[in-house]
Amino acid sequence: MIVILKENPNPRQLDSLMTWLKSKGLEIHKSVGATHTLLGLIGDTSSVDMNLIKALDIVEDVTRISEPYKNANRKFHPRDTVIEVGNTKIGGGSLTLIAGPCSVESEEQICEVAQRVKESGATLLRGGAFKPRTSPYAFQGLKAEGIRLLKKARELTGLPIVTEIMDADLLPMFDDVDIIQVGARNMQNFELLRRLGKIDKPILLKRGLSATYEELLMSAEYIMAGGNERVILCERGIRTFETYTRNTLDIAAIPVLKTLSHLPVIVDPSHATGRSKLVEPLSYAAAAAGADGLIIEVHNDPEHALCDGPQSLTPEAFDRIAKNLQTMFGRNAVAEAQG
Ligand code: PEP
Ligand code: MN
């Protein structure tokens, strides 16, 4: 249930309304907007008489919401959430570029890629240190050493770093990471999500391979319910009957998620397609559909990449896409940060 208050509500009346609602066992999520304040009531509202609340002087309107996610719901929080990391902003109409290799492989590799993508306009560096691989025999990432190298690349370029966590017990190792990624395979690792709800760091939450919009938003809700409201949603392709592409990019997810939620929505065209040639057209499609950003795999030597080479762009190809995005959409985060 959402209670929309009139402008400048009488503080004493508001206080007494909040006390009464809390006495009904409800948790209250207060969201202060430019003109109106909203109270999101979380818990069992079945015993609350809507008409009684509507009749109060300070109340403009009351609506019941049926979606099971509250914190992530746009009805609770009509304005876009904008997440600031370093000099960059994600959400609210920016087109943030996150780029870097699938996995951190060496100091030379991550530093070179970081410099190149920065020159092209990326404002965040990605790179996996812990890799969720289908085969236990495949390269699993450099782990702690990978995080150390990411920090070196950050020191060199100033780009904040994004890297994936697979085990909540490893959180201390991510203390100095700027954005923690939850990969598609862990989207419903509820214990991990709960733990991430208790930290003060943005979380990049990737959509599970066969997750519905509501399931993705409920996973965001797990993080937000713990108090961490800085969640970035990522559409990265879903499983369909098509096998030509690694996954199928669900373009509709962008406007739908942005309608249902106030959280930023970014798109990963690399994992969505598995083919470097398709990254360019799908990047433009995602931007046209309103994505707040893109996360793109870039490698200095894709042919010899230890992970996801076939979908990785060369720095030159990434540069072309970044320039075209700037021309076509003119809302690159770099331009925003500088302008
Ligand atoms: C990744 O970003 O490297 C990754 C493994 O992505 P996903 O979880 O979307 O497969
Ligand atoms: Mn990858």
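Q: Is Lys-143 buried, partly exposed or exposed?
A: In this predicted model, local features need pLDDT of at least 70, side-chain atom pairs count only at pLDDT 80 or more, and totals for chains, interfaces and linings use all residues. Lys-143 has a relative accessible area of 38%. Buried means under 20%, exposed over 50%, with partly exposed in between (1.4 Å probe, protein chains only). Lys-143 is therefore partly exposed.

Q: Where is Lys-143 found?
A: Its phi is positive, near 55°, in a residue other than glycine. Helices (H or I, at least four residues) and strands (E, at least two) are DSSP runs numbered from the N terminus. Lys-143 sits in the loop between β8 (124-126) and α4 (144-157).

Q: What is the phi of Asn-8?
A: Asn-8 belongs to the loop between β1 (2-5) and α1 (11-23). Asn-8 is exposed because its relative accessible area is 71%. Although Asn-8 is not a glycine, its phi is positive, at about 45°.

Q: Which residue's backbone nitrogen does the side chain of Gln-109 reach?
A: Gln-109 lies in helix α3 (residues 107-120). Gln-109 counts as buried because its relative accessible area is 4%. At 2.7 Å, its side chain reaches the backbone nitrogen of Glu-105.

Q: What separates the C-alpha atoms of Lys-30 and Ala-285?
A: Lys-30 is part of strand β2 (residues 27-32). Lys-30 is partly exposed because its relative accessibility is 43%. Along the chain, Lys-30 and Ala-285 are 255 residues apart; their C-alpha atoms are separated by 36 Å.

Q: How many residues surround ligand 1?
A: Residues are numbered from 1 along each chain as its sequence is written, chains are lettered from A and ligands numbered from 1 in the order written, and side-chain values use heavy atoms, leaving out hydrogens and water. A residue belongs to the surroundings if one of its heavy atoms lies within 4 Å. The closest are Arg-126, Lys-131, Ala-184, Lys-206 and Arg-236. The residues that surround ligand 1 number 13.

Q: How much of the accessible area of ligand 1 does the protein cover?
A: An oxygen atom of ligand 1 is 2.8 Å from an N or O atom in the side chain of Arg-126. A ligand oxygen is also 2.7 Å from a polar backbone atom of Ala-184, and one is 3.4 Å from an N or O atom in the side chain of His-271. Of the 300 Å² that ligand 1 has on its own (Shrake-Rupley method, 1.4 Å probe), the protein covers 97%.

Conventions
Polar contact = N/O pair within 3.5 Å; in protein donor to acceptor, adjacent residues only side chain to side chain.
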